[in-house]
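Colleague: I am new to reading protein models. Could you take me through one, feature by feature?

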Amino acid sequence: MATIEIETRQSTELIDITGKVKEIVKSRRGNVNSGICVVFTKHTTSGIIINENEAGLKSDILALLNELIPKGRGYLHDKIDNNAHAHLRAVVLGSSVTIPIERGDLTLGTWQSIFFVECDGPRRREVYVTVIKE
Ligand code: ZN
C-alpha cells in the first residue's frame, strides 16, 4: 500500500490525484501487469470519485453538494461537531474507487480522472492506494 498526502486549502474542494495514483501503479509495473487499484480515503468528511476534470463541471459538482446537503440544516451531529454537512456529503460521495489495471496502467476512460473531494477543509489528508495483482 502507498499513501498520498494532500493539503487541502478550501472548505469544499476537488483535487485531481490521477497523476499520483498512476505513478504508484506504474512503479509496480514489473510486478502487476493486470490487476486492480483501490483508492481509499480514511477520513469521514471526504470522498473519492471518478469524473471529468473540467473547470465548469468541478464547480457544478460543488454546487450540487451545496444544494443537496446545505450546511447547518439542523443536523443532530452539528450539536457536537458542527460539520454534519461534511459527513453527509462524504456518505453520498463514497470513500473509495476501484480501477482495473491492464498493461501496467490504469484503464481510465479518456475523460475520467480520480478526485479527492474535501468536504471539511482545509485539512491535512491521507489517501491509501492499494495495487493488487490479478
Ligand atoms: Zn463530525
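**Starting from a buried threonine**

Modeller: Thr 41 is buried, with a relative accessible area of 1%. Keep in mind that this is a predicted model.

Colleague: Where is Thr 41 found?

Modeller: Thr 41 is part of strand β3, which covers residues 35-41.

Colleague: Which residues does Thr 41 touch, leaving aside those up to four places away in sequence?

Modeller: Its contacts are Ser 46, Gly 47, Ile 48, Ser 95, Phe 116 and Glu 126. There is a polar neighbour too. A polar atom of the Thr 41 side chain lies 3.3 Å from the backbone nitrogen of His 43.

Colleague: Next, the sheet. How do strands pair in general?

Modeller: Strands of a sheet pair through backbone hydrogen bonds, in a parallel or an antiparallel way. Here five strands form an open sheet, in the order β1-β8-β3-β5-β6. The pairing is antiparallel.

Colleague: Which are the edge strands?

Modeller: They are β1 (2-7) and β6 (105-106). Each of them pairs on one side only. Take β6 as a case. Strand β5, residues 96-102, pairs with β6 over two bridges, in the antiparallel sense. Within this pair, Ile 101 stands opposite Leu 106 of β6.

Colleague: Now a helix. Why do residues three or four places apart point the same way?

Modeller: An α-helix has 3.6 residues a turn, so residues with that spacing point the same way. Now look at helix α1, residues 18-27. Its buried residues include Thr 18, Val 21, Ile 24 and Val 25. Seen down the axis of α1, the buried residues fall within an arc of 130°, so they line one face of the helix.

Colleague: Which exposed residues does the face turned away from the buried side of α1 carry?

Modeller: That face carries Glu 23 and Ser 27.

Colleague: How do the two histidines count by relative accessibility, His 77 and His 87?

Modeller: His 77 has 27% relative accessibility and counts as partly exposed. His 87, at 21%, counts as partly exposed.

Colleague: Last topic: the backbone. Which values should I look at?

Modeller: Start with phi. Asn 82 has a phi near 55°, a positive value in a residue other than glycine. Asn 82 lies in the loop between α2 and α3. With 54% relative accessibility, Asn 82 counts as exposed. Arg 103 has a phi near 50°, a positive value in a residue other than glycine. Arg 103 is placed in the loop between β5 and β6. At 69% relative accessibility, Arg 103 counts as exposed.

Colleague: And the peptide bond from Gly 121 to Pro 122: cis or trans?

Modeller: That bond is cis, with omega near -5°. Pro 122 lies in the loop between β7 (113-118) and β8 (124-133).

Note on methods
Residues are numbered from 1 along each chain as its sequence is written. This is a predicted model: local features need pLDDT of at least 70, side-chain atom pairs count only at pLDDT 80 or more; totals for chains, interfaces and linings use all residues. Side-chain values use heavy atoms; hydrogens and water are left out. Buried means under 20% relative accessible area, exposed over 50%, partly exposed in between (1.4 Å probe, protein chains only). Two strands pair if DSSP finds at least two bridges between them. Helices (H or I, at least four residues) and strands (E, at least two) are DSSP runs, numbered from the N terminus. The arc is that of the directions from the helix axis to the C-beta atoms. A polar contact is a pair of N or O atoms within 3.5 Å; within protein, one must be able to donate a hydrogen and the other to accept it, and residues adjacent in sequence count only if both atoms are side-chain atoms. Contact means heavy atoms within 4.5 Å.
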